[in-house]
Amino acid sequence: MKVLLFLANGAEMIELSAFIDVFGWDRHYNNGNINIVTCGFSKEIKSTFNIPIRVDLLIEEVKTDDYNALAIPGGFADYGFYEEAYNEKFLNLIREFKNQDKPIASICVGALPIGKSGILKGKRGTTYHLMGGRRQKQLEEFRVKVENEPVIVEDNIITSWCPSTAVEVAFKLLEMLRSRNDSDKIREIMGF
């Protein structure tokens, strides 16, 4: 099994690393068979605070049939997150995962491109809720029923409200792809 981890410029380190760590612990301690494959618009992205990260694939090389889920960490506008997260190629990729009924997991403002893609229209979701709630207002503009909860799962789509939810989202995705028992085992041995 494989999870596609989309990394836009400006992706937040704590959010992208949550998926890598949780699924890595599952492979190492739980005989898990789920690998994380990163993709982006260029072979090297600059994460939030300008930390360079090499990705495995360019977005045009991705075939959704090869993946079991899509993971989307959020990021900062000041580092170029929305230029790539709102790119029509990425929005189409989100729609392809939805059309194949595969889980889509987002952290923080990673929910905004999901909203912009249209697949959350009329459904419950959440995103970054602090600093006056401006990001939640943006999500509402995409006709999402925004709820002020840390993590929401609606129609195979996980949204969450800030970096503090990163590990919880990764555990929830692991649960969806394997089992609650497997996710709980990793949660316990990671000390959560």
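## A buried glutamine

At 11% relative accessibility, Q136 counts as buried, since the cut-off for that label is under 20%. Bear in mind that you're looking at a predicted model. Q136 has its place in helix α5, which covers residues 134–141.

Who does Q136 touch, leaving aside its neighbours within four places in sequence? There's a run from T126 through T127 and Y128 to H129, and then V146, E147 and N148.

## Rings that pair up

Now for the aromatics: the structure holds 10 aromatic pairs. Take F6 and F90, whose ring centres sit 3.7 Å apart with planes at 15°, so this pair is stacked. F6 belongs to strand β1 (residues 2–6) and F90 to helix α3 (residues 88–99), so the pair ties together parts that are 84 residues apart in sequence. Both partners are tucked away: F6 is buried with a relative accessible area of 1%, and F90 is buried with 0%.

F81 and Y82 make another kind of pair. Their ring centres are 5.1 Å apart and their planes stand at 85°, so this one is edge-to-face. F81 counts as buried at 1% relative accessibility, and so does Y82 at 12%.

Elsewhere, K2 lies over the face of Y67, with 5.0 Å to the ring centre.

Definitions and conventions:
Residues are numbered from 1 along each chain as its sequence is written. This is a predicted model: local features need pLDDT of at least 70, side-chain atom pairs count only at pLDDT 80 or more; totals for chains, interfaces and linings use all residues. Side-chain values use heavy atoms; hydrogens and water are left out. Helices (H or I, at least four residues) and strands (E, at least two) are DSSP runs, numbered from the N terminus. Buried means under 20% relative accessible area, exposed over 50%, partly exposed in between (1.4 Å probe, protein chains only). Contact means heavy atoms within 4.5 Å. Rings of Phe, Tyr and Trp (its six-membered ring) pair if their centres lie within 6.5 Å; planes under 30 degrees apart count as stacked, over 60 as edge-to-face and the rest as tilted. A charge sits over a ring if NZ of Lys or CZ of Arg is within 6 Å of the ring centre and within 35 degrees of the ring normal.
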